[in-house]
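Please look over the structure shown here before reading on.

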Amino acid sequence: MTSSSPGCVLVTVTGKDHPGITARLTGLLADAGAELLDVEQVVVQGRLTLCLLVRLPESVGIPRALLFAARELGVALDFQAVETPDLGAPVPARYVVTAVGRALGAGQLHSLTSHLAQAGANVERIVRLSEPHLGSMELHVTLPPTLEPQVLKRSLLALSMRDATFDVALQKESLFRRGKRMVVMDMDSTLIRIEVIDELARAHGVGEQVSRITERAMQGEMDYDESLRQRVALLAGLDVGVLRQLAANLPLTEGAETLVRVLKRLGYRTAVISGGFSVAAEALKSRLGIDHAFSNVLEEEGGRLTGRTVGAIVNARRKAELLEQLAAQEGILLEQVIAVGDGANDLLMLERAGLGIAFRAKPRLREAADTSISAGGLDTILYLLGLTGRELQEAG
């Protein structure tokens, strides 16, 4: 920055909005030989705020015609001499904080902006995303060099976990934020509201046994592969008709249909990569129009389950490998992939993706993921892409 000079002026225009204000005022500035350095305009509930940073020739003051025009237009003008911007100075890294909830009020915005201020982050712009209710907004911020983005991400996660009425995501403002091209999702307790293996176990009368094995695996007493083998073995003899009926009536998670429909309209590729079962995954693929589905295959014999799986088990490592293979097959960079899951076996998949989202997940996965969603449905993901409510209505 150089010292202040009357030749560099910030012109702020406020008043009732109507057509022609910007055209009239900028025309007069152009006639006066002013150089336009920056501009920002916003209209909120019919009230205009227009900011114009201009450099005037040394021999020219504020054009009197500008004052007369403002009076005719019914707007107020404010002039402030400011430091001339150093156009060669490094541009600070910019980030976008997205807040999503059932309803965002003054309390939520105060909580979020206070948190950012305490961390040293400066809010430069706030944009409403949702329509018609205020349920999502973006805050464009710059961070001081001393503030690590990961530190801020963890503190924002802690804030949303304490409040529990809204979710907060921190993303670097870059080409890839709005340039995502593929969304990969887990199935059980993510795309659907149930765990298929638990429903099959209950139908077969082995629900408690399966639950005990699941609990042992969660406690780290056995790995995922062994726990799956033991649980599937308990399903031996189950009529495959039960499985097919369940697959035909899977309860979708809130927002799932909207998410997939809008993604397809926008040209995204979609996939299910699940540690669940192929009959259910293929049913969802057909029902929602998902492009790819990968999951475990249950062996059948004589119309009943044998208690074994066929082929490689889709575990955490396999999920990550499939994501990479699918991105390469589609010609999509990993930075352009979003992965969504709820369990520990989704962690590697979320880490490989450009944006990993923990959906209604346990604290451990939420802390490891890039961001998390707990307060809203799956369609909340669309706001993380920077889409507005108006754009979603057009795409829907």
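## Nonpolar cores

Leaving aside residues up to four places away in sequence, Leu191 touches Met185, Asp186, Leu252, Thr253, Ala256, Val272, Leu284, Leu288, Ile290 and Leu378, where contact means heavy atoms within 4.5 Å. Leu191 and Val340 have the most contacts inside the largest nonpolar core, which has 58 residues. Such a core is a set of buried Ala, Val, Leu, Ile, Met, Phe, Trp, Tyr and Cys residues joined through side-chain atoms within 4.5 Å, and buried means under 20% relative accessible area, with a 1.4 Å probe and protein chains only. Another core, of 19 residues, lies apart from it and includes Ile273, Val314, Leu326 and Ala327.

## Basis of the model

This is a predicted model, in which local features need pLDDT of at least 70 and side-chain atom pairs count only at pLDDT 80 or more, while totals for chains, interfaces and linings use all residues. Residues are numbered from 1 along each chain as its sequence is written, and side-chain values use heavy atoms, with hydrogens and water left out.

## An open sheet

In the order β6-β7-β5-β8, 4 strands form an open sheet with antiparallel pairing; strands are DSSP runs (E, at least two residues) numbered from the N terminus, and two of them pair if DSSP finds at least two bridges between them. Because β6 (122–128) and β8 (166–172) stand at the edges with a single partner strand each, one side of each is left without a neighbour in the sheet.

Strand β7 (residues 136–142) pairs with β6 in the antiparallel sense over 6 bridges, and Glu138 in β7 is the bridge partner of Val127.

Terms used
Buried < 20%, exposed > 50% of the residue type's maximum accessible area, 1.4 Å probe, protein only.
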